[in-house]
Amino acid sequence: MSSPQSGMLRPRVILPFIITGTIWGSTWLVITGQIADVPAAWSVFYRFALATPALFLVAALMKRRLRLTRPEHLLAAVVGIFQFSGNFLFVYHAELYVTSGIVAMMFGLLMVPNALFARVFLGEKVKGGFVLGSAIAIIGVSFLLIHEWRANPEAGVIGGNVVLGIVLAMLGILAASIANVVQANPTGRAVPMVSLLAWAMLYGTLADLGFAWLTAGPPPVPSAPSYWAGIVYLALIGSVVTFPLHYNLVREIGAGRTAYNSILTISVAMLLSTLFEDYRWTWLTGGGMVLAVVGMVLALTARRQKAVQVQQSASLRH
């Protein structure tokens, strides 16, 4: 019998693991090109307007049922509004003020509100190792945020850019966590995941359309080919191609070990931020990165129930 470690090294496991981690790590940087000259809300809408029909097609090709009951549609609407509207709208706007790698690192803390909400609403217990690991990760991320604050002293006041970016990222984390815990109820577990995601994305896209029109006016039509190339990448590669690979990994190696993919995602995001956003490393940021990664590993080792972990790891992908 092969050990868990040898199982991880099988091509059908390690290749999807590397592909999804690398792609999802890159999406954080690609988002920055979507918000430079186009309102962030419209970029969110364009992304999911393309991704939604593609995800429905994936569900159909996988022969998953697409007909949902009324309670299942209600659940999909709630998940869609929090995950594919609120979460992404907050993230896109956060990246206007904070570098993409920092936002990605902050999302590594998604496990914390996931655990709290799951404890309150699903009755799941939190292990001591999870609390310790989460505390270490929070300290590490705090070091990174302190550096960001110091690097932009003129924006480090209430209402300033860095503070606003941090607050928006935290709201995005909360929105994603609510969606994660809500989908883990019995109604959500009865729906094929791809089908639930497709319908949730549709409802979220409609919410994105309304928000964008109300806050940013009529839809702009960017002429830059690079903008639309980014939309295609985020929609098809970053959203549609990777999700089936991710959930196949969950079936192959379990939700617990699949969640370690978040470490690769964050590492890629920070590397790209260093290369393309001129992110500067110091003893504070280096120590913060080490503490954050070590804390996340400790927290992920204290495994919790699958339902929350599956979405916890998926929600790091933007």
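The expected span of a helix is 1.5 Å times one less than its number of residues, and helices here are DSSP runs of H or I with at least four residues, numbered from the N terminus. Helix H3 has 22 residues, so it should span 32 Å, and its end C-alpha atoms agree, lying 32 Å apart. This is a predicted model, in which local features need pLDDT of at least 70 and side-chain atom pairs count only at pLDDT 80 or more, while totals for chains, interfaces and linings use all residues. Residues are numbered from 1 along each chain as its sequence is written, and side-chain values use heavy atoms, with hydrogens and water left out.

H3 is mostly covered, with 16 of its 22 residues buried; buried means under 20% relative accessible area, exposed over 50%, and partly exposed in between, using a 1.4 Å probe and protein chains only. The largest nonpolar core has 79 residues, and the members touching the most others are Tyr92, Ile102, Val103, Met105, Met106 and Met296. H3 gives the most to this core, namely 13 residues. Such a core is a set of buried Ala, Val, Leu, Ile, Met, Phe, Trp, Tyr and Cys residues joined through side-chain atoms within 4.5 Å. In soluble globular proteins, nonpolar side chains tend to be buried together.

## Packing across the sequence

Which residues does methionine 296 contact, leaving aside neighbours within four places in sequence? They are Met105, Gly108, Leu109, Met111, Gly133, Ala137, Ile263 and Ile266, where contact means heavy atoms within 4.5 Å.

Alanine 176 sits in helix H8 (residues 161-183) and counts as buried because its relative accessible area is 0%.

## Loops and salt bridges

Most residues other than glycine have a negative phi. Lysine 63 has a positive phi of about 60 degrees; this lysine lies in the loop between helix H3 (40-61) and helix H4 (70-94) and is exposed, with 76% relative accessible area. Aspartate 278 also has a positive phi, near 60 degrees, and belongs to the loop between helix H13 (261-276) and H14.

How many salt bridges are there? The count comes to two, taking a salt bridge as a side-chain nitrogen of Lys or Arg within 4 Å of a carboxyl oxygen of Asp or Glu. One joins arginine 280 and aspartate 278, at 2.9 Å from N to O; arginine 280 is exposed at 53%, whereas aspartate 278 is partly exposed at 47%. The other pairs arginine 65 with glutamate 72, whose closest N and O atoms are 2.9 Å apart. Here arginine 65 is partly exposed at 34%, while glutamate 72 is buried at 7%.

## A nonpolar surface patch

Leu132, Val290, Val294 and Leu298 make a nonpolar surface patch of about 330 Å². Patch members have over 30% relative accessible area and no salt bridge, with like charges joined within 9 Å and nonpolar side chains (Val, Leu, Ile, Met, Phe, Trp, Tyr) within 5 Å. Accessible areas come from the Shrake-Rupley method with a 1.4 Å probe, and for residues only the protein chains shown count as cover.

Helix H14 (residues 283-301) supplies the largest share of the patch, three residues. Leucine 298 lies in H14 and is partly exposed, since its relative accessible area is 37%.

Definitions and conventions
Helices (H or I, at least four residues) and strands (E, at least two) are DSSP runs, numbered from the N terminus.
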